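Please view the sequence and the model before reading on.

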Amino acid sequence: MTEDVQKHSVHTLVFRSLKRTHDMFVSDHAKSVSLDDQSHKLKMAVKLKSDYSAVLHMPVLKEGKDRVSHIPGSMLGHQNYTQPGDDPEYLITGTHAYPSGPGVALTSDTKMHRNPSEGGVLSMALALPPSQARQEVSRTAASVGDIHRHAGGAERSQPQSNTVSLIEGGATRNSTLMRKAPTMPKPQWHPPWKLFRVISGHLGWVRSIAVEPGNQWFVTGSADRTIKIWDLASGKLKLSLTGHISTVRGVAVSNRSPYLFSCGEDKQVKCWDLEYNKVIRHYHGHLSAVYDLDLHPTIDVLVTCSRDATARVWDIRTKANVHTLTGHTNTVATVRCQAAEPQIITGSHDSTIRLWDLIAGKTRATLTNHKKSVRTLVLHPRQYTFASGSADNIKQWMFPDGSFIQNLSGHNAIINTLAVNSDGVLVSGADNGTIHMWDWRTGYNFQRIHAAVQPGSLDSESGIFACVFDNSESRLITAEADKTIKVYKEDDTATEESHPINWKPEILKRKRF
C-alpha cells in the first residue's frame with residue numbers, strides 16, 4: 001500500500017529551500033575556535049614546565065635595563081658588570097650561570113654572584129677571537145661554523161662575521177653589530193685546462209665513464225649498446241663488450257673485486273667478470289630504464305636508480321634486492337654512495353635530493369631547494385660536502401643533514417654531470433656542450449670551455465653527458481654527444497701572471513635558498 005506524498009505549495013517549498021541554504025552557509029566552518037583563557041594558561045604552564053624547567057629559575061631581563069646606548073663606545077670600554085647593590089633581580093645564588101675561571105674554587109664569596117650586563121658581554125665577546133667568542137656561546141655552533149668557513153660557506157642562515165649571540169638572563173639574543181658587509185674571499189688560483197686528446201670509436205652518444213682503480217684504463221658506455229675499455233695513457237681501444245640491447249647509461253668498476261658493473265635503458269643491470277670478459281650476474285627488479293649506478297666503497301653492495309622512481313640496493317654476491325628505496329615521485333637520475341652516513345644520496349627529476357639510511361632503507365632527509373630536475377651529484381673527495389647540478393643552479397651542501405652552503409650560478413644550461421678533484425676544482429658539463437670550471441670553496445667560475453664537435457657532426461650534437469677525473473686527477477675525461485671521448489689536462493705553461501683571477505670582492509648577493 002503506497003502512502004500519499006503530502007503536497008505543498010510552491011511558496012512553502014521555496015521557503016524551505018531558502019532556509020536550508022541559509023542554515024548551510026550561515027556558519028563559517030573555517031573560522032578557528034575561540035581561545036579559552038583558562039585552557040590556554042594551563043597549556044602554557046605545562047609547556048613551560050616540560051620545555052623550560054631547566055631555566056625557569058633564571059632572572060627575567062627587564063627591557064631597557066642596562067641597554068647599551070652606543071655599542072662602539074661601550075663595547076670597547078670596561079666590562080660593565082652589574083655592581084653589588086643594584087637590582088636584586090639579577091642576583092643568582094648556587095650554580096654558576098657562567099663557568100668560573102680556571103682554578104677558581106667556589107667559596108662563600110663566589111657562590112653568590114651577579115649576571116654580567118649586556119655591555120660587559122659585548123666587550124667580552126669582542127675581546128675574544130671570533131671563533132672563541134662563538135665557542136663561548138655554543139660549543140657545537142662554533143665547530144659547524146668553522147666547517148662552514150673552511151668549506152667556503154658564504155651563504156648561511158646567520159653570518160658569523162657580523163652576528164654575536166649574547167646570553168643574558170637565560171635568554172639568547174642576536175645583536176647585529178655594525179660591521180662591514182660580507183665579501184667573497186679571494187679564490188684559489190687554478191691553472192686553466194686545455195683539450196689534450198679526442199678519442200673516437202663509439203657509434204652513438206657516449207653516456208657514461210668510469211676509471212679503474214689502478215688508473216691504467218677507463219671504460220665507457222654508449223647509445224650504440226656497447227661498453228668499450230680504453231687505455232688511459234695512449235687512448236687506444238683495448239676491448240669492446242656487447243650484451244646490452246639498449247643504451248648503456250651507467251658503468252662502474254669495483255675496487256674490491258675484478259668486476260665491472262653496467263646498467264642501461266633495457267632495464268638490465270649486469271656484472272661482468274673482467275678476467276673472462278663475460279657477464280656473470282644479472283640483477284633483476286627495475287620496472288623501467290636504469291639511469292645510474294654506484295658501488296659502496298666499503299661493503300659489497302651495488303645501488304642502482306631508475307625511471308621507475310626507485311633506487312634499489314643489491315647484494316653483489318647473492319643478487320638479492322636488499323632494499324627498494326621509494327619516495328621520489330619521478331625518475332631517479334643519479335645515485336652516489338659513501339662510507340659515512342648518509343651512505344646513499346639520490347637526485348631525481350622531481351627536483352629533490354634524498355639522503356638515505358642504508359640500514360633502515362628509509363629517507364633521512366629530503367632537500368627541496370632545486371626548482372628543476374637534479375641530474376647529477378658529486379661528493380667532495382676530502383670534505384664532508386657534496387654538490388648537485390640542475391638547470392637552475394649548482395648547489396653545495398654539507399653532510400650529514402644536507403645543510404645548504406652556497407649556489408654556483410652562471411652555468412645557464414641543463415647540467416648533466418659534475419666532477420670535483422682534491423684541489424677544489426669543480427667541473428660542470430651541460431647539454432649544450434659547455435664545460436664550466438669552478439673554485440669549490442668560493443664558487444668562482446675561473447674557466448669556460450666549449451670544444452668543437454667532431455668533424456662531420458652537427459653543431460647541435462655538442463653535449464656533455466658525463467665527466468670524470470682520473471685517479472691521478474691530472475686528466476679530465478668527458479663523454480660527449482658527438483660520439484667522442486675528450487681528454488683534458490692542465491696547462492703547464494700557465495701562471496698566475498699569464499692567467500690572472502678576474503675577481504672583484506663584491507658584496508655577497510646570494511640567494512638564501
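A charge sits over a ring if NZ of Lys or CZ of Arg is within 6 Å of the ring centre and within 35 degrees of the ring normal. The model is predicted, so local features need pLDDT of at least 70 and side-chain atom pairs count only at pLDDT 80 or more, while totals for chains, interfaces and linings use all residues. Residues are numbered from 1 along each chain as its sequence is written, and side-chain values use heavy atoms, with hydrogens and water left out.

| Charged residue | Ring | Distance to ring centre |
|---|---|---|
| Arginine 207 | Phenylalanine 465 | 4.1 Å |
| Arginine 475 | Phenylalanine 196 | 4.6 Å |

Rings also meet one another. Rings of Phe, Tyr and Trp (its six-membered ring) pair if their centres lie within 6.5 Å; planes under 30 degrees apart count as stacked, over 60 as edge-to-face and the rest as tilted. The structure holds nine aromatic pairs. One of them joins tryptophan 205 and phenylalanine 465, whose centres are 5.0 Å apart; their planes meet at 35°, so the pair is tilted. Tryptophan 205 belongs to the loop between β5 (193-200) and β6 (206-211), and phenylalanine 465 to strand β30 (residues 464-469), 260 residues apart. Strands are DSSP runs (E, at least two residues), numbered from the N terminus.

Accessibility separates these two residues. Buried means under 20% relative accessible area, exposed over 50%, and partly exposed in between (1.4 Å probe, protein chains only). Tryptophan 205, at 38%, is therefore partly exposed, whereas phenylalanine 465, at 12%, is buried.

A further tilted pair is formed by tyrosine 283 and tryptophan 314, at 5.8 Å centre to centre and 55° between the planes. Because tyrosine 283 lies in the loop between β13 (278-282) and β14 (290-295) and tryptophan 314 in strand β16 (residues 310-315), the pair ties together parts 31 residues apart in sequence. Tyrosine 283 is buried, at 1% relative accessibility, and tryptophan 314 is buried too, at 0%. Elsewhere, ring pairs link Tyr384, Phe386, Trp397, Phe399 and Phe404 into a cluster.

A cavity is a set of points, on a 1 Å grid over the protein atoms alone, where a 1.4 Å probe fits but cannot get out; lining residues have an atom within 4 Å of a point. The count comes to one cavity of 30 Å³ or more. The lining of the largest cavity includes Ser254, Arg256, His296 and Ile316.

Methods: 1 Å grid on protein atoms, 1.4 Å probe; cavity = no way out; pocket = protein on both sides within 12 Å on 5 of 7 lines; lining within 4 Å. Points joined across faces, edges and corners; volume = space filled by probe spheres on them. Helix = DSSP H or I, 4+ residues; strand = E, 2+ residues; numbered from the N terminus.
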